[in-house]
Amino acid sequence: MNLKEAKYKINKDIPIPFYYQVKRMILNELSNGSLKQGDKLPGETEFCECLGLSRPTVRQALNELVSEGVLVRKKKSGTFVAQPKIELKTNTGIEHLKHYLEMSSRECSVEILDLCVMDGIEEINQRLGLESHDELIYLKRMWKVGETPIVYSATYLSSERFPAVLEKDFREINLFEVLEVEYGIRAKSRAVKIESTLASKYDLELLEIDRTRAPLLCVTDVIEEEGGRPLCYSVTRYRGDKSHISYDCEA
C-alpha cells in the first residue's frame, strides 16, 4: 500500500469524517485484492504525512479495523492484514466444527483439555433432567486453526448413562458419533443461546489472546435426542476477533 500514489487522497470537501475515509481506503484495497492477508500497512506517521491528517484521526481508523478483526497489531512489528474471520453458521454445532473448518480448507486440530467424572452441578443437572447428586462426565476441548486457538468448549453429560465416553479419544471423533455407535442414540434437536462477553484472565491465557477486554462469543447448547430427552449441555467460547456467527432466514 503505497500512500504516495495519487489514488490515496482525502476529500476535505465532503461531510464524511476523515478517519472513515481512511478506513474505507483500506477496506477498498482489501476488496480489490491490493492488500492481502499478512500484508503490512504503512505506519501511522506515514499515513499522517502522506494524507495530511493528525495522528488521532489515523489511529481511530486503524483501531476500528483492529477491533473488527480486519487488521492485527504485532508488538514491535507493526499493523498487518489479519486472517479472515471464520464464518460459523448457527446450525453448525461444536461437535461438527472440525469437519466444517476442514471443508472450508482450514487446517483444524482438537486438543483434549480434560475428560473426567465430576460431582453434579445443580443448574447443569437440572438442564439435563438429572438428580442433583448424579455425577457428570466433564469433557473440555479446544479447537485450533493452524497453531491459533479459536474456541474452547466444556460439555457435560450423565456419567451413569454414558460411561463409554470416558474411554474415547475426541481428537478425531465427535461426541455424537460415540453416542450413536455405543448407545444407538442420535442427537435430534439443539436449543441455543448466543451472547457476547468479555474474556476473563483465564480465557486470555487459554486462547492466547494478547490484549485485555477481548470480545468472546459465548454459545450455550442443550442437545436432545428424539423424544426430547436431554443428552448433553455445552458452554462454548469463540474468539470474537477470529470468528463471527451467521444465519439464513426468510425475508
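What follows goes from the whole chain to the sheet, then to a surface patch and the salt bridges.

A word on ground rules: this is a predicted model, where local features need pLDDT of at least 70, side-chain atom pairs count only at pLDDT 80 or more, and totals for chains, interfaces and linings use all residues. Residues are numbered from 1 along each chain as its sequence is written, and side-chain values use heavy atoms, with hydrogens and water left out.

Start zoomed out. The protein chain holds seven helices and 10 strands, which are DSSP runs (H or I of at least four residues for helices, E of at least two for strands) numbered from the N terminus. Along the principal axes, its C-alpha atoms fill a box of roughly 70 × 40 × 30 Å. The radius of gyration is 23 Å, whereas a compact globule of 251 residues would come out near 18 Å; that radius is taken over C-alpha atoms, and the globule rule is 2.2 Å times the number of residues to the power 0.38. Of the 251 residues, 43% count as buried. Buried here means under 20% relative accessible area, exposed means over 50%, and partly exposed is in between (1.4 Å probe, protein chains only).

Now find the sheet. Six strands make an open, antiparallel sheet in the order β4-β5-β6-β9-β8-β7. Its edges are β4 (108–118) and β7 (187–198), each of which pairs on one side only. From one strand to the next, the twist averages 15°, with axes being lines fitted to C-alpha atoms and angles running from 0 to 180 degrees between N-to-C directions. Strands of a sheet pair through backbone hydrogen bonds; the pairing test used here is at least two DSSP bridges between two strands. The antiparallel pair of β7 and β8 (residues 215–225) has 11 bridges.

Ile 14, Ile 16 and Tyr 20 make a nonpolar patch of about 230 Å². Patch members have over 30% relative accessible area and no salt bridge, with like charges joined within 9 Å and nonpolar side chains (Val, Leu, Ile, Met, Phe, Trp, Tyr) within 5 Å. The areas come from the Shrake-Rupley method with a 1.4 Å probe, and for residues only the protein chains shown count as cover. Ile 14 sits in the segment before α1 (18–31) and is partly exposed at 33%.

Finally, the charges. The whole structure has 13 salt bridges, each a side-chain nitrogen of Lys or Arg within 4 Å of a carboxyl oxygen of Asp or Glu. One of them joins Glu 64 and Lys 23 at 2.8 Å, N to O. Glu 64 lies in helix α3 (residues 55–67) and Lys 23 in helix α1, so this pair ties together parts 41 residues apart in sequence. Lys 23 is buried at 8% relative accessible area, while Glu 64 is partly exposed at 23%.

Another salt bridge links Glu 123 and Arg 127 at 3.6 Å, N to O. These two are four residues apart in helix α5 (residues 122–127), so about one helical turn separates them. Glu 123 is partly exposed at 48%, and so is Arg 127 at 33%.
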